[in-house]
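Biologist: I'm new to reading structures, and I'd like to know where the labels come from. Could you walk me through this one?

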Amino acid sequence: MTLLCNDLYRKKKNKGIPEHVILASGVHNRYWVLDVQDVTSTQSCTEKHLTITCSKTTESRETCILKDGWESTPVAVGDVVHLEGKCVSGLWTIDRDSGFLVLLPDLLISGTSIANSIRCMRRGVLGEMFKAFDGGSKQMLNGTIVHDIFQKAAMSSDFSPERIQTFAAEALRSPNYLGQMYSLKLTQADMRQEVEEYLPSLSEWANHYVHMSPQAGQKQLTLKLPSDGALSTQDATCSVTVTDYVDIEENMWCPRFGLKVKIDVTAGVRIHRRGRKPTERIVPLELKTGKESNSIEHRSQVILYTLMSSARRCDPEAGFLVYLKTGSLHPVVGNHMDRRELVKIRNSLAHHIGNSLVKVEGRSQMAPLPAIVSDKQACKYCPQKRNCAVYSRAVERDPVENCSENPQAFVQSESEHLSPVHLQYFSHWLLLCTLEALTMENKAGRRIIWLQTAQQREKSGGCVGNMQLAREVSVLSDGVYKHSFVRKEGDQTFTGLIVGDRIVVSDQDSVLIGLATGYVTEITISGVTCSLDKNLSKFSSNTVFRLDQDEGAGGLSTHLGNLSMLMENTPTSERLRQLIVEFRPPQFIDSLSSVLPRDAKDTVANILKDVFRRLNKPQKQAMKKVLLSKDYTLIVGIPGTGKTTTICTLVRILHACGFSVLLTSYTHSAVDNILLKLKRFKIGFLRLGRAQKVHHDILPFTEESRRFYPCKCFVYVFYIYNNFKSLMFLFNKKYQQIPHSLTFFSHRRPLTT
């Protein structure tokens with residue numbers, strides 16, 4: 001295997017560095033790997049010697065020696081790497097005690113995926129691949145709400161029981177959470193019972209650890225920071241008090257370490273030790289609503305947060321796990337050894353994700369995943385269980401006949417309902433989606449934000465740099481803030497962005513990347529107005545920002561999520577497989593009389609009388625087919641053949657029959673053209689999608705307009721989503737996720753056509 005890899009390295013060795021590759025030296029260095037050699041040292045230890053360059057001409061070359069476990073890094077010729085440590089006369093040494101090598105640093109991997117990969121690398125790879133196939137659960141929603149309550153109490157510096165109750169009541173009335181309750185078929189009463197179990201512990205936690213509390217500082221913890229040097233067990237005993245809350249849901253994108261995280265709470269803490277001056281730190285707090293396990297996965301997340309925080313501010317050296325159900329606080333030290341092992345896991349994960357395709361006889365194929373682990377318990381509760389089993393059979397071609405002897409018997413139980421044609425469909429579309437994602441990434445993607453300066457990006461469009469906040473930030477809704485930016489100096493034209501663009505806000509030098517995300521709401525001669533998910537007013541008035549179009553926001557996660565759900569062992573998925581994969585012909589009802597309700601016949605007759613004289617024969621046939629359809633009807637026609645008129649007439653008829661209709665298109669204008677016509681007929685509807693892209697005459701019918709009425713109770717949400725007089729309209733832009741709650745959108749009777 002080693003010889004084969006070396007042959008591959010040498011084949012790639014003579015290829016030039018592609019034009020699109022950006023290399024750099026310094027703190028944010030980026031090296032191109034020219035050669036890889038496995039070497040046995042004088043101590044009979046295996047080392048890996050890399051020949052690297054940060055020059056496109058490859059004339060300036062350096063050497064990097066990987067040892068003490070780093071030699072297992074799956075680095076190859078042609079890879080881009082980032083190095084941390086010291087370089088002496090062109091020689092880097094990455095060993096047990098110093099330095100990091102970050103493989104494919106532009107591939108930002110979440111801390112959660114890395115933590116999940118500790119016990120099963122396969123789960124981590126699948127988690128990055130299939131991100132949007134889980135519609136949520138009661139436990140997940142409860143965790144989100146409790147997080148929200150804690151964070152609001154923290155930012156208000158008030159954990160009193162009365163205030164906690166107020167935050168809980170507000171959360172349970174929040175339109176966002178009400179919508180999720182509806183999609184999960186839960187009520188406010190259901191969630192109130194779950195949430196209230198946590199509220200006493202939140203106040204108790206604050207009593208023990210928030211510096212304003214009289215009881216703060218009495219709880220004793222054991223904490224040894226790397227900078228403390230050698231401490232006895234007695235001297236390592238300390239108390240910790242939280243003195244400040246710096247941020248909540250702090251977003252960090254860090255190509256220096258190839259990581260992306262969102263920290264629940266970033267807090268200032270004071271560490272008190274006997275006989276020593278108190279130590280001040282800004283540390284990450286990871287909130288957990290599940291079992292108080294203090295597990296390696298939980299601790300690993302915090303260690304990664306400390307590593308990320310060290311790239312943005314002084315190294316915190318430690319972070320804390322906060323278990324909200326018990327109010328316990330567990331310190332987690334981010335020492336070099338643990339960080340080293342997690343970076344190595346991250347590199348293995350990056351290798352598999354970055355090399356998801358292989359060439360076989362000149363054709364692209366999906367690469368095999370890391371092996372399935374022999375852990376029945378871990379596999380039983382793994383959220384990627386189905387995808388793991390289907391991938392095993394569809395892509396890796398593993399047979400299931402002998403699975404009864406295999407510890408991973410779930411491969412059979414999760415995929416035995418799928419025929420070879422289903423597996424072939426899965427493999428085929430997974431390959432197509434992966435190829436398209438790779439093409440999109442090669443064109444640009446988010447990495448352009450940190451690879452190009454604001455000035456460079458502005459020349460090609462998609463960015464506005466040298467911006468400062470012009471006035472105070474205002475709150476548009478819970479978690480949405482209005483920001484107005486003006487150019488600090490220079491040209492005042494803003495040709496790179498348009499209203500409705502999704503953007504990422506970073507500092508001008510791309511050191512603080514991904515500070516906030518949101519949408520452009522207005523562009524004037526003097527500035528740009530945006531709605532963002534973070535309040536940036538905490539930054540100095542002298543801070544200079546850049547606004548980049550978020551080209552990597554969509555991706556193909558929705559398509560892959562749909563592909564995964566299509567393989568479920570459920571009646572709904574089975575029916576869809578028959579229609580989509582097996583090409584079962586659609587079925588139709590024999591007579592219209594069985595479709596049209598008796599009380600709707602007169603209304604339908606009047607509609608038909610009004611429009612039939614304007615419809616041609618194919619349009620009439622199409623309408624009849626749709627009304628008789630039990631599965632689906634395809635209406636195909638070139639522009640100008642009357643499809644829009646036919647659709648409008650069909651919607652009016654279906655509405656009169658009491659059906660619920662979902663209308664979707666790749667363009668906003670296509671949906672709004674039909675809605676503008678239906679509006680004249682006094683037909684009610686709910687328009688989903690970004691308000692910035694909706695026709696101004698349709699804005700009163702948007703979900704946002706209707707959800708923010710004064711009445712914020714579950715009954716009202718039920719009325720909006722379920723009992724609204726007739727129609728549900730959704731704009732489903734390409735690659736944009738359809739809200740899971742649409743599963744339950746219905747009027748009196750569901751219509752599947």
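This is a predicted model: local features need pLDDT of at least 70, side-chain atom pairs count only at pLDDT 80 or more; totals for chains, interfaces and linings use all residues.

Biologist: What makes E5 and strand E6 a pair?

Modeller: Strands pair if DSSP finds at least two bridges between them. E5 and E6 (residues 91-94) have 2 bridges and run antiparallel, so they pair by that rule.

Biologist: And why is E5 called an edge strand?

Modeller: The open sheet has 7 strands in the order E5-E6-E3-E2-E1-E4-E7. Strand E5 (87-88) and strand E7 (100-103) each pair on one side only, which puts them at the edges.

Biologist: Why is helix H9 called roughly perpendicular to H10?

Modeller: The axes of H9 (residues 296-312) and H10 (residues 336-354) cross at roughly 100°. Angles of 65 to 115 degrees count as roughly perpendicular, so H9 gets that label against H10.

Biologist: Which residues of H9 and H10 meet?

Modeller: Among them are Ile303 and Leu307 in H9, and Leu342 and Val343 in H10. Contact means heavy atoms within 4.5 Å.

Biologist: How much of the protein is buried?

Modeller: Buried residues make up 48% of the 753 residues, where buried means under 20% relative accessible area, with a 1.4 Å probe and protein chains only.

Key:
Residues are numbered from 1 along each chain as its sequence is written. Side-chain values use heavy atoms; hydrogens and water are left out. Helices (H or I, at least four residues) and strands (E, at least two) are DSSP runs, numbered from the N terminus. Axes are lines fitted to C-alpha atoms, for helices over the stretch in contact, and angles run from 0 to 180 degrees between N-to-C directions. Angles under 35 degrees count as roughly parallel, over 145 as roughly antiparallel, 65 to 115 as roughly perpendicular and the rest as oblique. Buried means under 20% relative accessible area, exposed over 50%, partly exposed in between (1.4 Å probe, protein chains only).
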